[in-house]
Amino acid sequence: MSEVTLTINDREVTAEAAMSVLEAARQAGIPIPTLCHHDRLEAYGGCRLCIVEVESRGKINHVVSCTYPVEQGLAVRTRTETVDRIRRVLVEELMAHAPDSPELKALAEEYGADRNRFGKEPIFCVMCGLCVRYCAEIKGEHAVGFIENGPRREISFIPERAAEVCWDCQECFTVCPTSYAQAAYLLAKGLAFPDGGRS
Amino acid sequence: MPRFNTVAEFEDYRAALLAARDPARPCIAVCAGAACDGLDSAAVAQAFEAEIARHNLAGQLDLRVTGCHGFCEKGPNVIAGPEDICYFEVTPADVPEIIRATLAGEVYAAKIYRDPQTGEKAARMSEVPYYKHQMRLLIGDNPRLDPLKIDDALAIGGYAALVKALTTMTPDQVLAEVKQANLRGRGGGGFPAGAKWETTKNAPEKTKYVIANGHEGESAAFMDRAMLTGNPHKVIEGLIIGAYAIGAHQGFIYTRHDVPRLVEHVKTALAQAREYGLLGQNILGTGFDFEIELHFDVGIFVSGESSALMRSIEGNAPEPRPKYIRTSVSGIWDKPSNLNNVETWANVPQIIARGAEWFASIGSDKSKGTKLVSLSGHIVNSGIVEVPMGTTLRTLIFAIGGGVRDGKALKAVHFGGAMGGSLPVDRIDARLDFDEMSALGAPIGAGGLLVMNEDTDMVDIARYLMDFLVKESCGKCVPCREGMFQMLKILTNIAEGRGRKFDLERLAELTEVTSLGSLCALGKTSAAPVKSMLQYFHAEYAARIEAGSQTP
């Protein structure tokens with residue numbers, strides 16, 4: 001496999017040509033925050049926290065590092081004023097929904113986010129899609145999915161599938177940053193198959 | 001119906017069609033565009049039909065039910081040829097007089113244009129102020145053909161550019177012509193169509209697709225559907241020519257599922273083109289194969305975004321793709337897919353027929369050709385207009401649009417649809433030019449021009465647009481889903497007198513994060529209306545917050 005050389009925060013880094021900027025940075029021990037990323041899942045580009053500044057052929061852009069491919073000579077900056085400001089606002093936006101998520105609290109500390117910046121609308125889910133994608137990509141079960149769109153979007157367990165497969169798995173609970181996946185499962189179970197789901 | 005196996009057979013058929021048609025013969029064109037249809041133009045068309053039958057006039061007078069003529073404000077529209085006498089607000093009761101006048105070579109004065117101020121009358125299309133400042137290269141054919149009849153299209157030169165391209169030009173020459181014409185995409189971004197075609201053409205993957213985007217999901221934009229409904233063959237012809245240049249053998253027309261007449265017209269046009277051998281295997285015996293599939297949206301605005309649209313054609317939910325790789329390289333099923341808007345494709349036949357030099361002679365320095373614009377809001381003449389690029393907003397609003405309704409003063413113009421921007425009255429000498437409008441913060445976008453009078457509440461306008469955009473977000477990425485949701489909350493608070501001092505600062509930060517951080521073009525541009533408000537109407541917003549906080 002061919003290799004490319006790029007700089008991340010002025011440090012020269014070598015990466016495989018097929019890697020994303022995020023993978024290259026983490027391999028080099030340079031931290032970039034993520035919420036929707038999981039090493040075993042396909043890059044999603046949903047939370048946008050891994051946004052970085054890139055400079056390529058004289059052009060400066062803001063891109064998300066989980067889906068942006070490395071290229072020879074690329075200059076990446078992971079902590080500019082603008083990048084930090086974007087991350088802070090993203091964390092503040094998410095804290096309107098899940099103010100006590102441990103992941104978000106740690107990020108708030110790092111980026112100076114104010115958990116009360118935006119009016120609270122606690123739904124406890126940050127729509128990272130980890131449960132949905134884990135269930136589909138790793139387990140191949142599709143027992144949980146997204147419904148609706150825009151701010152009405154939510155995750156929902158599909159009772160017919162969940163009744164059959166979830167009790168013996170529950171692996172998505174461990175990837176959820178807010179414990180909402182578990183709550184959504186119990187809600188679906190309570191409503192649709194209170195006695196089912198377990199033989 | 002014949003299937004033409006050679007170009008010669010096809011051109012013989014066209015010659016026979018033309019020989020059988022007398023251009024001097026009177027013809028009544030009744031508009032059945034969306035607005036006129038809503039005003040029951042169907043009853044007018046029926047009255048014409050009945051009157052012609054009653055007096056047995058079928059030998060002397062043709063009747064044609066057509067797509068949108070453009071002057072929607074004054075529908076139902078009727079145009080009487082060969083002199084192009086325009087009749088407005090026609091009712092079935094006017095029909096006998098219009099027929100009589102048309103056959104006698106006269107004008108039925110009761111229903112021609114009358115200037116609301118001066119009372120001056122205008123009968124011919126070339127004299128009616130609404131039409132005379134326009135350059136109707138695309139929409140001008142609408143009154144001249146019945147969109148359900150391919151022979152009408154052939155009689156006015158339809159598919160002649162396709163024949164020229166297939167028989168006298170190589171695919172590279174077609175591409176060079178489009179590049180030289182500097183045709184820029186009419187769907188919003190103004191990206192050079194030729195450069196996009198070239199990317200798809202040169203992509204290593206052999207299977208390539210071409211797509212006409214006729215989704216047009218925004219408020220205040222209604223010209224693409226007028227084009228596609230009124231003259232589907234022009235778009236189809238453009239798409240076939242593009243496919244030939246690019247080397248695609250499969251195309252898609254992606255459009256709205258909820259406009260029955262549009263669906264019927266495109267379906268019929270595709271079926272007729274297929275029957276004539278203009279689509280399918282070995283088109284007109286030239287050895288070029290190309291097929292078009294019609295695909296419908298799923299009723300959400302974001303499905304007009306290029307990567308979401310392609311996901312939709314694949315049969316998946318229309319969520320934009322997060323990859324930093326262009327759809328022109330990797331689109332539908334990861335094949336190179338060239339997507340252009342309906343209006344962009346409609347421009348292709350004339351570029352091939354009349355040449356790049358001719359096309360590039362129209363318009364401004366860097367924006368060539370004409371642009372369809374839908375006029376709406378507090379304007380005297382709402383409708384669809386077509387003007388050369390470089391025309392000022394002032395000309396559009398006053399010379400063509402007739403100014404602001406009810407004698408009010410102009411306060412602002414919102415240009416570019418839901419993701420466009422609002423400009424104050426002192427900016428209306430801006431020219432309709434991709435780069436100029438974009439620099440002002442009101443990108444041409446979908447091409448909708450919304451006129452706002454002195455009583456307009458700019459906070460409410462932004463709130464309205466944001467309410468629309470919030471509902472249309474797919475919800476996948478945080479800055480679009482949450483950013484717009486928070487902007488809407490803040491705007492609603494300001495509108496309802498609950499604004500707070502730091503709201504404008506919060507709005508400014510949200511617009512920055514949404515436009516830099518969002519995944520797709522919809523998200524990236526969704527903050528444009530609010531940005532333009534903060535740029536041009538900051539004082540009004542600040543005053544509104546101030547006033548609101550004083551009320552108990």
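Trainee: Take helix H3 and helix H4 of chain B. How do their axes come together, and at what angle do they cross?
Mentor: First the general idea. Two packed helices are described by the angle between their axes and the distance between the axes. Now the case, in what is a predicted model. Helix H3 (residues 41–54) of chain B and helix H4 (residues 95–104) of chain B have axes that come within 9 Å. They cross at roughly 60°. That angle is why H3(B) counts as oblique to H4(B).

Trainee: Is the crossing of H3(B) and H4(B) right-handed or left-handed?
Mentor: H3(B) passes H4(B) in a right-handed crossing.

Trainee: Which residues meet there?
Mentor: From H3(B) come B:Val44, B:Ala47, B:Phe48 and B:Glu51. From H4(B) come B:Val95, B:Pro96 and B:Ile99. By class, this contact of H3(B) with H4(B) has six nonpolar residues, no polar ones and one charged.

Trainee: Let me try another pair in chain B. At what angle do H20(B) and H22(B) cross?
Mentor: At roughly 135°. The axes of H20(B) and helix H22 (residues 528–536) of chain B come within 10 Å. Oblique is the word here too, because angles over 145 degrees would be needed for roughly antiparallel. So H20(B) is oblique to H22(B). The crossing of H20(B) past H22(B) is left-handed.

Trainee: Which residues make that contact?
Mentor: H20(B) gives B:Leu504, B:Leu507, B:Ala508 and B:Thr511. H22(B) gives B:Val530, B:Lys531 and B:Leu534. The contact of H20(B) with H22(B) has five nonpolar residues, one polar and one charged.

Trainee: Now the two chains. How many residues of each are in contact?
Mentor: The size of an interface is often given as the accessible area lost when the parts come together. Here we have contact counts. In this model, 26 residues of chain B are in contact with 24 residues of chain A.

Trainee: Which elements of chain B give two or more residues to that side?
Mentor: Helix H18 (458–472), helix H19 (478–495) and helix H20 (503–517) of chain B. H19(B) supplies the largest share of the side that touches chain A, eight residues. By class, that side of chain B has 13 nonpolar, five polar and eight charged residues.

Trainee: H20(B) again. How does H2(A) cross H20(B)?
Mentor: The axes of helix H2 (residues 81–95) of chain A and H20(B) come within 10 Å and cross at roughly 105°. That angle is why H2(A) is roughly perpendicular to H20(B). On the chain A side, the contact is made by A:Ile86, A:Val89 and A:Leu90. On H20(B), the residues are B:Glu509, B:Leu510, B:Val513, B:Leu516 and B:Gly517. They divide into six nonpolar, one polar and one charged.

Trainee: Turn to chain A itself. How many helices and strands does chain A have?
Mentor: Seven helices and seven strands. From the N terminus on, the order is β-β-α-β-β-β-α-α-α-β-β-α-α-α. The C-alpha atoms of chain A fill a box of roughly 60 × 45 × 25 Å along the principal axes.

Trainee: Which domains does the assignment give for chain A?
Mentor: Domain 1 (3–79), domain 2 (81–122) and domain 3 (130–192). The C-alpha centres of domain 2 and domain 3 of chain A lie 25 Å apart.

Trainee: What backbone details should I look up?
Mentor: Start with A:Asp10. This residue has a positive phi of about 70° although it is not a glycine. A:Asp10 is found in the loop between strand S1 (3–8) and strand S2 (11–16) of chain A. Then look at chain B. The peptide bond from B:Gly75 to B:Pro76 is cis, with omega near -10°. B:Pro76 is found in the loop between strand S2 (62–66) and strand S3 (78–81) of chain B. The peptide bond from B:Gly81 to B:Pro82 is also cis, with omega near 5°. B:Pro82 is in the loop between S3 and strand S4 (85–87) of chain B.

Trainee: What is the mean pLDDT of chain A, and where is confidence lowest?
Mentor: The general rule comes first. Where pLDDT is low, the predicted coordinates should not be read in detail. For chain A the mean is 94, and 98% of its residues reach 70 or more. Confidence in chain A is lowest in helix H5 (residues 159–165), at a mean of 92. It is highest in strand S5 (residues 75–77) of chain A, at 98. Chain B averages 94, and 99% of the residues score at least 70. For the complex, the predictor gives an ipTM of 0.95 and a pTM of 0.92.

Technical notes:
Residues are numbered from 1 along each chain as its sequence is written. Chains are lettered from A and ligands numbered from 1 in the order in which they are written. This is a predicted model: local features need pLDDT of at least 70, side-chain atom pairs count only at pLDDT 80 or more; totals for chains, interfaces and linings use all residues. pLDDT is the predictor's confidence in each residue, from 0 to 100. Helices (H or I, at least four residues) and strands (E, at least two) are DSSP runs, numbered from the N terminus. Axes are lines fitted to C-alpha atoms, for helices over the stretch in contact, and angles run from 0 to 180 degrees between N-to-C directions. Angles under 35 degrees count as roughly parallel, over 145 as roughly antiparallel, 65 to 115 as roughly perpendicular and the rest as oblique. A crossing is left-handed if the near helix is turned anticlockwise from the far one by less than a right angle, and right-handed if clockwise. Two residues are in contact if their C-beta atoms, placed from the backbone, lie within 7 Å. Ala, Val, Leu, Ile, Met, Phe, Trp, Tyr, Cys and Pro count as nonpolar, Asp, Glu, Lys and Arg as charged, and the others, Gly among them, as polar. Domain bounds come from an automatic or database domain assignment.
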